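This report describes a structure made of two protein chains. The sequence and the coordinates are shown first, and the description follows.

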Amino acid sequence: MFLLLWAFSFGASSLIQDTVKLAEVEVYAPALDRFAQGQKVISWKKAELEAYQGRSLGDILQEQSPVFVRQYGAGMIASPSFRGTSAGHTAVFWNGLPINSPSLGQSDLSILPISAIDQVSLQFGNAGALFGNEAIGGSIHLGTNSEFGKGFQAGLSQQIGSFGLFNTNLFAGLSSKNFSTKTKVYREFSKNNFPYKDLGQIGTPEVREDHAQFEQIGIVQDLAWNLNSNNQLKTAFWWNKTNREVQPVMGSNTNDEQEDQAFRAVIDIFHFEKKSVWNLRTGFVRNEQLFNASQNNSTQYFLAGDWDQEISDKWTSKLGARYTLTKGDLSTYQADDERIELYQSTRFSVTEKLSFTLNLRQLVYSGTFAPFTPSLGMDWSFWNTNSQSLQLKTSLGKGFKVPTLNDRFWNPGGNPDLLPEESLSGELGLTWNKEGKVNWTQGLTYYKMSVDNWIIWLPKGSFWTPENIKEVSNQGIEYQGSLDGTIATWKWELTTSYTFSKAITTVGTDENDQSVGKQLPYTPKHQANATVQLRKSGFSSSIGTFFVGERSVTADNPRMMPSFQLFNFGLGYDKLSLGKHQFPLSFQINNILNTDYQVLYLRAMPGRSYQLNLSILL
Amino acid sequence: MKLKQLLWASALLSVSFACSDSNDEKPLGKYNNGILIMNEGNFGTNDGEVYHLNPNTEELLPNIFEAENLRPFAGLLEDMVLEADRLYLVANTGKVEIVNPADFKSSGAVSGELDQPRSLAVNGSKLFISDYGPYDASYATPDSYVAVVNGLDGGTVSKKIEVSNKPEDLFSYGNYIIVAGSEENKIEIIDATQEAVITTLDLEASPKQFYAEDGILWVYAVTADEVLFYTVNLSSLTLGTTYSVPVANATSRIAFDGDDDMYILTSSGWPDYNDAVVSIDIEGTTATATELMTGSGFYGIGFDDDLDQIYVANSNGFQGNGTVSVLTETGSVIRSFEVGRGPSGFLVY
């Protein structure tokens with residue numbers, strides 16, 4: 001909302017440019033929650049991501065959000081599970097482009113490094129209408145930012161840590177009133193030779209992991225340019241390459257290696273009119289994955305446009321279209337896919353405190369209509385005093401997932417007759433805010449959803465094939481709270497969250513299916529996290545903990561993985577400087593208690609580790 | 001997915017013949033009598049395990065390896081070989097665990113130098129382990145071998161004898177180890193002392209399983225549309241009679257009833273995915289096949305000689321635990337019950 005108001009003032013302010021301060025001129029980014037009324041959205045800004053430098057998106061989601069991350073080992077595949085849904089039920093965007101692999105229909109959070117990202121937002125629940133394909137459990141929105149009027153900025157940061165961790169980050173930016181460029185280069189490396197108890201060997205000896213090395217390099221380039229008083233050009237480019245030794249499951253001695261390379265580029269042109277913003281966007285995403293000698297590549301081309309206008313004080317609307325061409329060049333097949341989608345969002349603000357949205361989307365893929373997805377939402381701040389407020393958020397919507405290229409074309413087994421998965425969900429959330437000596441924010445959300453035509457791969461004869469078989473019903477409660485205040489000269493903050501998630505198979509594969517009525521595999525019913533932070537004149541310290549409850553290995557639940565709780569500790573000082581140059585320092589201990597745990601069955605995870613971060617900001 | 005398909009091809013168990021000529025007194029233990037149900041486990045999860053069934057009381061004990069050793073089996077269970085007072089659990093994920101069959105307590109292991117072991121045979125004081133060897137870049141296995149371990153309680157591999165691609169079942173006889181070379185349609189005979197292949201017999205079909213009876217070694221072999229039974233003359237190490245039956249899509253899974261009947265699993269694959277239990281009867285020089293049951297997801301077969309019952313395992317798509325159906329010799333279902341993940345074979349003893 002802020003950003004939007006902002007953009008309008010940017011458009012308007014150009015008329016009186018002389019009086020505008022440089023710092024106020026930002027690069028336009030449409031706000032994520034502009035039409036997301038009634039939906040839960042949480043965001044982390046650059047400063048909050050600082051503490052996760054050198055780590056992956058998977059780590060921050062697991063430790064600081066209600067999302068469960070299925071981790072296949074240290075630095076290995078990590079996939080998100082929002083509200084008990086599967087990895088393929090999360091849409092992931094980078095600067096507005098959908099970046100899930102079109103062949104797999106999901107993203108590996110381990111190879112989305114925090115170093116390359118300036119902001120992260122999570123949206124929970126069905127948002128097929130707002131965000132399109134795969135936004136069933138929720139969506140992840142990653143962004144890079146550039147700023148005007150900051151002059152020259154540069155920095156170097158270096159991290160050294162346990163198990164061979166050695167990360168280097170460089171950035172440099174140059175910006176004037178109307179032009180901004182920022183470049184980031186990074187390399188992240190870890191030997192990952194952590195000790196663990198090998199349950200696959202007689203006597204369960206403690207051994208060192210010797211096949212989990214991780215190396216990642218990348219470049220991010222952002223550019224923004226005010227072409228004239230009402231046109232802005234913004235581009236971003238991201239190249240990321242990861243080489244991993246694939247950590248074997250305990251009891252196996254595989255030597256698999258995987259290389260993932262992604263090229264992503266986006267060009268946005270914004271045209272600002274008095275009460276509206278036109279956006280023309282074109283983008284390109286190429287994924288290259290080499291697993292041992294098996295090469296799987298895909299390229300997506302995007303062309304999109306939308307028109308966002310403030311019709312009156314009360315009515316706001318956005319109309320848009322996107323065309324996507326996907327070319328898949330996989331180890332066992334080649335396939336193209338074309339998609340066209342139209343979307344429309346309308347917001348009606350009855351008063352400042354009560355607003356409604358209606359979002360609609362229709363996607364057509366390879367000539368087939370995906371389910372039409374409408375959604376309705378409401379935000380109502382129904383009780384306000386000087387220091388307190390209560391806000392109700394509620395929404396109802398549909399979501400969908402188009403079968404992935406692999407689902408449709410994998411040879412052998414691909415099933416071109418698959419139907420899209422379809423979901424329906426609703427949620428109701430209440431947030432209480434109180435400002436005072438201690439500031440309170442307490443929120444509780446109840447959600448319920450069902451997913452039909454859930455696609456699963458089943459062995460049939462000598463190979464596997466996907467079918468639209470299962471139906472799943474999810475419901476749960478998410479609690480999120482924060483408290484902050486001051487004791488003497490110390491600022492403190494406590495954030496907590498707890499999630500209860502019940503995700504049940506309602507229709508199984510056949511009459512033999514023992515999963516009906518049981519919790520989905522690797523979907524903890526209980527999850528919680530908490531962080532306490534203390535800050536005083538440049539010094540900061542935090543202790544965080546997260547708890548993951550029992551979860552089953554398979555859909556019929558005979559084998560349960562024990563719950564675990566980990567603690568992390570951080571210490572930082574950012575007031576060290578020499579002349580104009582600053583030298584922020586920080587130190588982290590992860591898994592302080594050296595807890596032996598596995599997220600997935602027999603996938604070893606590291607015990608206590610240390611990490612030292614040194615930076616130079618010019 | 002690809003690896004999963006590869007895992008489909010496999011051997012069963014080296015059932016009854018392992019003990020056929022031994023009259024050793026067995027120590028009485030919890031798991032001494034009954035049927036061991038081998039659950040292969042799911043690829044990437046390594047949750048293979050053994051269940052124990054008392055066929056008379058129908059009492060079923062789950063996950064007996066983990067229950068007795070307080071650690072998971074942590075592997076994909078490919079084969080179980082009972083030899084005197086040792087039970088060898090062969091995991092195609094690269095190890096062999098050795099337990100006492102009476103109480104299932106771990107007594108040794110072979111690991112470290114194995115790649116994808118498939119089966120095992122004991123000769124004197126040596127273990128011979130058939131192993132596909134590592135996959136190459138195109139998932140072929142050009143470096144298959146039979147590994148030699150000195151010592152019946154495991155230890156390290158002392159030698160790898162190169163054999164044809166994808167060796168499956170092994171049979172120990174006299175000073176010889178007979179190898180089913182499944183990919184190149186060969187029977188290879190290893191001299192156990194020299195630890196080298198001394199003779200190779202060429203077949204017209206892919207050999208999967210050995211079965212010895214009355215001094216004759218039977219070889220179960222399959223082509224796309226036929227099942228063949230070869231006999232091997234153990235004294236001359238030459239091929240004898242061949243029986244062929246027109247049964248399409250036979251898998252490697254077979255159970256012998258001790259007479260002249262055997263039960264095999266067939267699977268039509270794409271696009272119909274029809275699986276079946278087929279009984280094959282060899283009378284004189286002719287063999288006839290009868291379809292006993294059809295379905296989908298059949299993954300293992302066994303035969304209880306005492307009660308004349310056929311055991312058919314269904315993997316249920318590896319989505320969770322599998323089920324076992326007990327059939328009469330004519331194919332009617334007596335009962336069904338849940339077992340572990342990917343049930344693939346039975347050891348009746």
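In helix H3 of chain A, the buried residues are A:Leu57, A:Gly58, A:Ile60, A:Leu61, A:Gln62 and A:Gln64. A residue is termed buried if 20 or more other C-beta atoms lie within 10 Å of its own, exposed if 12 or fewer do, and partly exposed in between, with C-beta atoms placed from the backbone. Helices (H or I, at least four residues) and strands (E, at least two) are DSSP runs numbered from the N terminus. H3(A) covers residues 57-64 and is mostly covered, with six of its eight residues buried. Those buried residues pack against strands S1 (41-44), S2 (68-71), S3 (78-81), S6 (119-124), S28 (526-536) and S29 (539-548) of chain A. Contact here means that the C-beta atoms of two residues, placed from the backbone, lie within 7 Å.

The model is predicted: local features need a pLDDT of at least 70, side-chain atom pairs count only at pLDDT 80 or more, and totals for chains, interfaces and linings use all residues. Residues are numbered from 1 along each chain as its sequence is written, and chains are lettered from A and ligands numbered from 1 in the order in which they are written.

**Confidence**

The predictor assigns the complex an ipTM of 0.85 and a pTM of 0.90. For chain B, the average pLDDT (the predictor's confidence in each residue, from 0 to 100) is 89, and 91% of the residues score at least 70.

The table sets out the overall values for each chain.

| Chain | Residues buried | Secondary structure | C-alpha extent along principal axes |
|---|---|---|---|
| A | 45% of 618 residues | five helices and 36 strands | about 75 × 60 × 50 Å |
| B | 50% of 349 residues | two helices and 29 strands | roughly 50 × 50 × 45 Å |

The radius of gyration is taken over C-alpha atoms, and the globule rule is 2.2 Å times the number of residues to the power 0.38. Chain A, with five helices and 36 strands, has a radius of gyration of 24 Å, close to the 25 Å that the rule gives for 618 residues, so chain A is as compact as a globular protein of that length. For the 349 residues of chain B, a compact globule would have a radius near 20 Å, and the 18 Å of chain B agrees with this.

Contacts between residues at least 6 apart in sequence were also examined for their span. In chain A, 63% of them join residues at least 24 apart; in chain B, the corresponding share is 43%.

**An annotated segment of chain A**

An unreviewed UniProt entry lists residues 39-138 of chain A as "domain: TonB-dependent receptor plug". UniProt positions are given in the numbering used here, feature names are shortened, and annotations may be inferred rather than shown by experiment. Over residues 39-138 the chain is 16% helix and 26% strand, and the end C-alpha atoms are 10 Å apart.

Strand S5 (residues 86-91) of chain B is largely enclosed by the rest of the structure, because five of its six residues are buried. Two strands are said to pair if DSSP finds at least two bridges between them. S5(B) runs antiparallel to strand S4 (residues 77-83) of chain B, and six bridges join the two. In this pairing B:Leu77 stands opposite B:Ala91 in S5(B). S4(B) and S5(B) form a hairpin with two residues between them, and B:Ala84 in the turn has a positive phi of about 55 degrees.

S5(B) also pairs with strand S6 (residues 95-99) of chain B, in the antiparallel sense over five bridges. Here B:Leu87 stands opposite B:Val99 in S6(B). The hairpin of S5(B) and S6(B) has three residues between the strands, and B:Gly94 takes a positive phi near 115 degrees.

**B:Tyr145**

B:Tyr145 is found in strand S10 (residues 145-150) of chain B. This residue counts as buried because it has 20 C-beta neighbours inside 10 Å. Not counting residues up to four places away in sequence, B:Tyr145 touches B:Asp131, B:Gly133, B:Lys160, B:Ile161, B:Glu162 and B:Val163.

**The interface**

Chain B gives 37 residues to the contact between the chains, and chain A gives 35 residues. On the side of chain B that touches chain A, the elements giving two or more residues are helix H1 (2-8), strand S7 (106-111), strand S27 (321-327) and strand S28 (333-341) of chain B. The residues of this side divide into ten nonpolar, 21 polar and six charged. Ala, Val, Leu, Ile, Met, Phe, Trp, Tyr, Cys and Pro count as nonpolar, Asp, Glu, Lys and Arg as charged, and the others, Gly among them, as polar.
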